[in-house]
Amino acid sequence: MSHLIETRTPARPRRPFFLRRGPMETIATVLIGLGFLMLFQPFLLVLYTYSLVTLLIGTVMFIIVSKFPE
């Protein structure tokens, strides 16, 4: 029992927010959803124009971030 108390667990390296998979996958998923909403709205031409760019950025971001460590 004392062995369990005395041993130290190795410290996990702290990564900055933009190098962690969980939060960045969430941001990429939100960008993809936002791109779809912008694509299907019929009111503002500016939102419709930038919807493809938003979809592409979210998709590429998701592909890149899915390779990051947990």
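In which helix does Val 53 lie? Val 53 is part of helix H4, which covers residues 51–65; helices (H or I, at least four residues) and strands (E, at least two) are DSSP runs, numbered from the N terminus. The structure is a predicted model, in which local features need pLDDT of at least 70 and side-chain atom pairs count only at pLDDT 80 or more, while totals for chains, interfaces and linings use all residues. Residues are numbered from 1 along each chain as its sequence is written, and side-chain values use heavy atoms, with hydrogens and water left out.

To begin with the overall fold, the protein chain has four helices and zero strands, giving the pattern α-α-α-α along the sequence. Of its 70 residues, 16% are buried, where buried means under 20% relative accessible area, exposed over 50%, and partly exposed in between (1.4 Å probe, protein chains only). The accessible surface of the chain is about 6000 Å², and 73% of this belongs to carbon and sulfur atoms. Such areas come from the Shrake-Rupley method with a 1.4 Å probe, and for residues only the protein chains shown count as cover.

The buried residues of H4 are Ser 51, Thr 54, Leu 55, Gly 58, Met 61 and Val 65. Seen down the helix axis, these residues fall within an arc of 135 degrees, so they line one face of H4; the arc is that of the directions from the helix axis to the C-beta atoms. An α-helix has 3.6 residues a turn, so residues three or four places apart point the same way.

The cover over the buried residues of H4 includes helix H2 (21–40) and helix H3 (45–49). Thr 54 is buried, with a relative accessible area of 13%. Leaving aside residues up to four places away in sequence, Thr 54 touches Leu 31, Gly 35 and Met 38, a contact being heavy atoms within 4.5 Å.

The C-alpha atom of Ile 64 is separated by 9.4 Å from that of Glu 25, 39 residues apart along the chain.
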